[in-house]
Amino acid sequence: MILSMRAARFATCVSVVALMAGCATVDNMGKGGKTAVGAGAGAALGAGLGALIGDSSKAAAIGAGIGAVAGGIVGYNWSGVKKEVEKSGASSLGVDVTEMPDGTLRVNIPSNVSFDTGKYALKPALLPVLDSVARALVQHPELRAKSIGHTDSTGSDATNQTLSVNRARAVANYLSQQGVATTRLTAEGRGSSNPVGDNATAEGRAMNRRVELYLYAVQQ
């Protein structure tokens, strides 16, 4: 019964997305208009996928991450990029490099290697990993990157939102300093709204303090 209800919600979401896309295409037949529709549809579809997977905060975070970039991506072979990033010592630092179901490559950067508590200055240990990401972006102009900052629930929503934005921008700015065009980079802060751990525990809060860097390929 529960699965049927989730499937119904997902079907409704997809129907709404299709309707929005159809209306927007009629109103704006230009290339820019269609690109905007794709991005919006991706965000809605990601939210729907998160609901279909389950109602937990982890499922919601998965859906939100997928929807953030799903609208404009194409299939891509990540094996070479993934190996390059992993050779930088990512795994020894706890940085997880994962191919996502939507075709993106997620570089999950935990708090222990990224920033001190309450700060947004990058730690030196993380720089070799970001250097490897920057090299991949420079060598493959079809790739884009989106940096998403997250915090735990400690502190006010306003403080957490500002901190998450600044941390996401710190990662994007560093990639830019390594030669990646700013037009290929975006940054977003989500505060404590997308937890992947239990904020009632120290371990869970540490998991929630992270930056997720999504690499994706766009149609050329």
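Glu 188 is partly exposed, with a relative accessibility of 26%. Arg 190, at 10% relative accessibility, is buried. The cut-off for buried is under 20% relative accessible area. In this predicted model, the side chains of Glu 188 and Arg 190 form a salt bridge, with 2.9 Å from N to O.

**Salt bridges**

The structure has 9 salt bridges. Three of them are listed here.

| Salt bridge | N to O distance |
|---|---|
| Glu 188 and Arg 190 | 2.9 Å |
| Asp 116 and Lys 123 | 3.4 Å |
| Arg 106 and Glu 212 | 3.9 Å |

Asp 116 is partly exposed, at a relative accessible area of 45%. In contrast, Arg 106 and Glu 212 are both buried. Arg 106 and Glu 212 form a salt bridge with N and O atoms 3.9 Å apart at the closest. Arg 106 belongs to strand β3 and Glu 212 to strand β6, so this pair ties together parts 106 residues apart in sequence. Arg 106 and Glu 212 also belong to a network of salt bridges that includes Asp 96 and Arg 210.

In soluble globular proteins, nonpolar side chains tend to be buried together. Here the largest nonpolar core has 30 residues, and Leu 137, Leu 175, Leu 213 and Leu 215 have the most contacts inside it. Among the elements that give two or more residues to this core are strands β3 (105–110) and β6 (210–218), along with α7 (127–139) and α8 (157–177). The element that gives the most is α7, with 6 residues.

Leu 175 touches Leu 130, Val 133, Ala 134, Leu 137, Val 180, Leu 185 and Leu 213, when residues up to four places away in sequence are not counted.

Notes
Residues are numbered from 1 along each chain as its sequence is written. This is a predicted model: local features need pLDDT of at least 70, side-chain atom pairs count only at pLDDT 80 or more; totals for chains, interfaces and linings use all residues. Side-chain values use heavy atoms; hydrogens and water are left out. A nonpolar core is a set of buried Ala, Val, Leu, Ile, Met, Phe, Trp, Tyr and Cys residues joined through side-chain atoms within 4.5 Å. Buried means under 20% relative accessible area, exposed over 50%, partly exposed in between (1.4 Å probe, protein chains only). Helices (H or I, at least four residues) and strands (E, at least two) are DSSP runs, numbered from the N terminus. Contact means heavy atoms within 4.5 Å. A salt bridge is a side-chain nitrogen of Lys or Arg within 4 Å of a carboxyl oxygen of Asp or Glu.
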